[in-house]
Structures are given as structure tokens and as C-alpha cells.
Amino acid sequence: MLENDKGIGIATCGVYIGVDKDGNDQWNNAIYQVLCSEIEQIKQMQHKYNMVLVGDFNAHIGNDIIQGNRSDINDNGHRLLNLSLIHI
């Protein structure tokens with residue numbers, strides 16, 4: 001985490017979520033639980049932090065948000081959209 005002289009910082013988090021295949025659901029859910037916990041901890045901190053999530057979410061989020069994108073939403077897409085709605 002970095003902080004500027006005005007007390008506003010940047011918290012970065014690198015994420016890799018496994019491909020949507022049989023056997024990865026438990027792993028992917030566990031990663032999202034840790035990620036949600038970390039986001040909540042950062043939100044509770046005394047100083048204000050902007051959060052930057054980077055990495056490979058292996059998420060298909062449909063084309064309602066990004067025109068021209070794939071039209072399907074996979075399990076990882078649902079996880080990412082829910083994370084965005086709840087925590088950000």
C-alpha cells in the first residue's frame with residue numbers, strides 16, 4: 001500500500017482465479033472469500049485507500065456492460081459482478 005501526503009493511499013491486489021472447470025469451484029470461491037475479507041479490512045482502515053484489483057479473473061461478464069464483449073456470463077463472471085456490486 002502506498003500513501004500520499006494527503007493521507008489517501010492506493011492498495012493494490014494481484015489476483016488469479018482458476019478457469020471455470022469442474023473442480024475449480026471450491027478453489028475459486030475460497031479466493032473470492034479471501035479477496036472480500038481483504039477489501040473489508042482495507043475499507044475499515046483509518047486512512048482512505050483507493051483499491052486497484054489486477055490480474056486474471058477468467059471471467060466472462062456478458063455484453064451488457066461492455067458492448068462487443070462475449071454475451072455469456074460464466075461462474076467467474078457472476079463472482080466478479082457480485083464482488084463489484086457488494087464491495088466496490
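Colour the protein chain by secondary structure and follow it from the N terminus: the elements run β-β-α-β-α, for a total of 2 helices and 3 strands. Helices here are DSSP runs of H or I with at least four residues, strands are E runs of at least two, and both are numbered from the N terminus. This is a predicted model, in which local features need pLDDT of at least 70, side-chain atom pairs count only at pLDDT 80 or more, and totals for chains, interfaces and linings use all residues. Residues are numbered from 1 along each chain as its sequence is written, and side-chain values use heavy atoms, with hydrogens and water left out.

Now zoom out to the C-alpha trace, which spans about 45 × 30 × 20 Å along its principal axes. Of the 88 residues, 26% count as buried (under 20% relative accessible area, with a 1.4 Å probe and protein chains only).

Next, select Val-15, Ile-17, Tyr-32, Leu-35, Ile-39, Phe-57, Ile-61, Leu-80 and Leu-83: these 9 residues form the largest nonpolar core. Such a core is a set of buried Ala, Val, Leu, Ile, Met, Phe, Trp, Tyr and Cys residues joined through side-chain atoms within 4.5 Å. Helices H1 (25-44) and H2 (75-87) each supply at least two residues of this core, and H1 gives the most, with 3 residues.

Stay on Ile-39 and show its surroundings. Beyond its neighbours within four places in sequence, Ile-39 is in contact (heavy atoms within 4.5 Å) with Met-51, Leu-53, Leu-83 and His-87.

Methods
Buried < 20%, exposed > 50% of the residue type's maximum accessible area, 1.4 Å probe, protein only.
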